[in-house]
Amino acid sequence: MHPDVNDPSTPGPGLDPAEARALDENWSEIQPPAARRILIAAVEAFATRGYHATTTRDIAGRVGRSPAGVYGYFRSKEELLYRISLVGHQRTLRTITDAAASDADPVARLRAVVFDFAAWHARHHTTARVIQYELGALSEEHHAEIAALRRQIDHVVRETLEYGVARGAFDVPDVPGTALALLSLSIDVARWYRSSGRLGPEDIGALYADLALRMLRTESIAP
């Protein structure tokens with residue numbers, strides 16, 4: 001592997017400066033500012049240590065507070081994970097829905113969907129690691145709410161594939177399975193992506209969109 005590729009073997013998902021800036025921008029609507037700082041600290045801690053290994057004291061220490069200072073804004077560590085998961089999945093759904101509505105041509109539509117979904121998981125890899133890999137720690141009620149959002153995301157990809165099949169652009173014998181494969185490929189970007197690698201989010205998006213089209217296009221579709 002090229003030495004400066006975003007290397008999935010790199011140990012320990014740390015928070016890089018680009019993602020630190022992105023976190024501050026992406027959670028800007030969380031008010032008051034103290035609550036936003038706590039939420040960002042939770043994202044950093046969960047992504048770095050894992051949900052179960054992180055304590056409320058760990059999160060509080062990142063923002064110079066006591067655990068009681070966290071509970072003044074969030075009732076529990078699980079509520080922090082829920083809020084992160086909710087906002088993260090809502091934004092992911094909005095991203096992929098907008099991409100699916102961006103073009104009537106089935107090839108261009110699928111390209112946009114895969115490009116934007118993969119690029120989102122690279123650009124917001126710290127948040128994405130938390131919302132994709134810590135779902136099992138949510139309460140039953142919160143997990144059901146997030147699962148509903150994930151089904152909506154899956155539905156957008158299935159509809160995109162069905163749209164292309166109906167117009168003769170794609171050869172997809174198993175639409176649900178193919179949708180799951182495409183989603184899984186892009187989600188995994190969050191596990192290994194590093195901003196210090198040679199591939200930026202747009203590079204990742206373009207690569208994955210090209211791979212998807214190579215897998216699905218019929219022979220009649222020009223390269």
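**Entry 1: terms and ground rules**

I note first that helices are DSSP runs of H or I with at least four residues, that strands are runs of E with at least two, and that both are numbered from the N terminus. The model is predicted, so I kept to its thresholds: local features need pLDDT of at least 70, side-chain atom pairs count only at pLDDT 80 or more, and totals for chains, interfaces and linings use all residues. Residues are numbered from 1 along each chain as its sequence is written, and side-chain values use heavy atoms, with hydrogens and water left out.

**Entry 2: a pair in helix α8**

I started with Asp-154 and Arg-158, which both sit in helix α8 (residues 140-166), four residues apart, or about one turn of the helix. An α-helix has 3.6 residues a turn, so residues three or four places apart point the same way. I found a salt bridge between Asp-154 and Arg-158, with the closest N and O atoms 2.7 Å apart; the term asks for a side-chain nitrogen of Lys or Arg within 4 Å of a carboxyl oxygen of Asp or Glu. Next I looked up accessibility, where buried means under 20% relative accessible area, exposed over 50%, and partly exposed in between (1.4 Å probe, protein chains only). Asp-154 is buried at 15%, while Arg-158 counts as partly exposed at 31%.

**Entry 3: more salt bridges**

How many salt bridges does a search of the whole structure find? It finds seven. One of them joins the side chains of Asp-210 and Arg-214, at 2.7 Å from N to O. These two are four residues apart in helix α11 (residues 201-216), so about one helical turn separates them. I have Asp-210 down as partly exposed at 26% and Arg-214 as exposed at 59%.

I also looked at Glu-79 and Arg-75, whose closest N and O atoms are 3.3 Å apart in their salt bridge. Here Glu-79 is buried at 12% relative accessibility, whereas Arg-75 is exposed at 70%.

**Entry 4: the chain as a whole**

I stepped back to the fold and listed 11 helices and zero strands. From the N terminus the order reads α-α-α-α-α-α-α-α-α-α-α. Of the 223 residues, 52% count as buried. I then checked contacts, meaning heavy atoms within 4.5 Å. Among those with a separation of 6 or more, residues 24 or more positions apart account for 71%. The chain exposes about 10,700 Å², and carbon and sulfur atoms supply 52% of that; accessible areas come from the Shrake-Rupley method with a 1.4 Å probe.

Why is helix α7 (residues 125-133) largely enclosed by the rest of the structure? Because eight of its nine residues are buried. I wrote them down: His-125, Thr-126, Thr-127, Ala-128, Arg-129, Val-130, Ile-131 and Gln-132.

Ser-186 was my next stop, in helix α9 (residues 175-187). Ser-186 is buried, with a relative accessible area of 2%. Leaving aside residues up to four places away in sequence, I see Ser-186 touching Val-114, Phe-117, Ala-118, His-121 and Tyr-208.

**Entry 5: rings**

I found two aromatic pairs in the structure. Phe-46 and Tyr-51 make a tilted pair, 5.1 Å centre to centre with 55 degrees between the planes. For the record, rings of Phe, Tyr and Trp (its six-membered ring) pair if their centres lie within 6.5 Å; planes under 30 degrees apart are stacked, over 60 edge-to-face, and the rest tilted. Phe-46 is buried at 1%, and Tyr-51 is buried at 8%. Trp-192 and Tyr-193 form a tilted pair too, at 6.3 Å and 55 degrees. I note Trp-192 as buried at 11% and Tyr-193 as buried at 2%.

Tyr-51 came up again: the charged end of Lys-77 sits over its ring, 4.2 Å from the centre. My cut-off was NZ of Lys or CZ of Arg within 6 Å of the ring centre and within 35 degrees of the ring normal. Arg-109 lies over the face of Tyr-163 as well, at 3.9 Å from the ring centre.

**Entry 6: confidence**

I finished with pLDDT, the predictor's confidence in each residue, from 0 to 100. The chain averages 87, and 88% of the residues score at least 70. Where is confidence lowest and highest in the chain? Helix α1 (residues 17-26) is lowest, at a mean of 72, and α8 is highest, at 97. Over residues 1-14, pLDDT stays under 50, and I count 24 contacts beyond four places in sequence for them in the model.
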